[in-house]
Amino acid sequence: MAEISNDLKQAATLLREGKLVGIPTETVYGLAGNALDEKAILSIFEVKNRPKFDPLILHFSSLSEVTPYVKKIPNELQILIKKFTPGPITFLLEKTALVNDLITAGLSRVAIRIPAHELTLKLLQSLDFPVAAPSANPFGYVSPTTAKHVDDQLGENITYILDGGACSVGLESTIVGIENNQITIYRKGGITVEEIEAEVGEVNVFVTSSSKPSAPGMLHSHYAPKKNNLLFEFKDLKKLKFDAKKTGFISFTEKIDGIPSENQFQLSSNGNLKEAASNLFKALRLLDSTEIETLYLELVPEIGLGQAINDKLRRATNHPN
Ligand code: TXA
Ligand code: MG
């Protein structure tokens with residue numbers, strides 16, 4: 001078990017020593033290490049059991065700190081940075097030699113993010129290096145949205161988790177970059193496609209396939225929990241044949257008759273997508289820890305945050321084995 005508290009000094013000391021620390025952000029908890037310390041970077045991959053072809057995001061407390069690590073920031077992205085940072089968005093920018101190739105998995109661009117979480121911004125301000133921080137879950141599992149989630153899965157391998165409460169957004173950051181002169185979204189997340197398009201006009205949404213992921217973290221099975229997960233629609237509920245004791249449901253708003261309450265979760269009883277997003281990973285974890293064998297997932301409306309939620313739900317139905 002790791003120690004869980006909100007001692008910024010302790011977190012900073014450990015990071016300076018090259019140790020890893022669980023950190024809160026508005027999206028999900030991260031597994032942070034000193035991005036300028038190769039040993040720390042390597043231990044991130046080790047603790048997460050993450051393949052080295054999957055690059056890491058660098059976290060900063062302000063844009064001015066980013067300057068030495070990137071060649072330039074294209075104008076279109078400057079607009080988005082100004083509007084949405086600090087916030088749940090990550091930018092792919094051409095890296096300088098200061099960024100270790102392990103961080104970018106040998107790619108020419110580095111992922112940059114300024115999280116909107118007061119405690120973590122203070123922590124980052126107190127450091128004279130950026131931290132690399134993937135989501136603090138073992139590779140291939142859902143991201144953690146509380147300190148306890150981190151402890152449950154990585155507590156054996158890290159000594160400290162900075163407790164910043166439950167993540168307010170609950171979905172990872174939206175990843176944005178420029179490809180063929182067009183603003184491109186590589187991962188749908190906490191800032192919606194609509195919000196981005198309202199600032200810069202139509203953007204490209206990169207649809208990845210499991211055979212050729214553009215960003216390795218976009219592998220189809222990346223968010224797969226352990227149950228047999230299937231999508232369902234309410235209109236088909238009567239046609240489904242299931243053993244009520246061995247079946248779970250994650251629905252958007254409505255309860256499922258005949259299913260014990262501990263085996264079902266409504267993401268938002270009043271249909272609020274923001275609330276649904278913040279509950280999604282908690283719900284997946286909760287039902288994954290029960291004895292049920294099959295978990296039915298209902299897609300939410302495909303608008304705003306609903307796009308990112310559905311992306312996760314669809315991925316959760318693809319099993320790695
Ligand atoms: O919200 C978030 O972004 C969280 C919090 C902790 O900040 N972090 C996070 O990191 O989700 P991670 O490592 O679980 O997912 C980041 C994904 C990687 O899987 C990879 O696909 C993509 O970002 N990525 C990182 N660097 C990249 C690069 N240079 N080029 C393309 N994709 C990159
Ligand atoms: Mg992740």
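The legends below describe close-up views of a predicted model. Residues are numbered from 1 along each chain as its sequence is written, and local features need pLDDT of at least 70.

View 1. Strand S5 covers residues 89-94, where strands (E, at least two residues) are DSSP runs numbered from the N terminus. Because 5 of its 6 residues are buried, that is, under 20% relative accessible area with a 1.4 Å probe and protein chains only, S5 is largely enclosed by the rest of the structure.

**View 2. The partners of strand S5.** S5 pairs with strand S9 (residues 174-179) in the parallel sense over 3 bridges, and with strand S6 (residues 109-113) in the antiparallel sense over 5 bridges; two strands pair if DSSP finds at least two bridges between them. Ile-89 stands opposite Thr-174 in S9, while Phe-91 stands opposite Ile-112 in S6.

**View 3. The largest cavity.** About 60 Å³ of space lies in this cavity, a cavity being a set of points on a 1 Å grid over the protein atoms alone where a 1.4 Å probe fits but cannot get out, with lining residues having an atom within 4 Å of a point. Among the residues that line the largest cavity are Leu-63, Phe-91, Leu-93 and Ile-112, and the elements giving two or more residues to this lining are helix H3 (63-66), S5 and S6, a helix being a DSSP run (H or I) of at least four residues.

**View 4. The second largest cavity.** This cavity has a volume of about 40 Å³, and the residues lining it include Thr-174, Lys-188, Gly-304 and Ala-308.

Terms used:
Chains lettered and ligands numbered in written order. Predicted model: local features only at pLDDT ≥ 70, side-chain atom pairs only at ≥ 80, totals over all residues. Heavy atoms only, no water. Buried < 20%, exposed > 50% of the residue type's maximum accessible area, 1.4 Å probe, protein only. 1 Å grid on protein atoms, 1.4 Å probe; cavity = no way out; pocket = protein on both sides within 12 Å on 5 of 7 lines; lining within 4 Å. Points joined across faces, edges and corners; volume = space filled by probe spheres on them.
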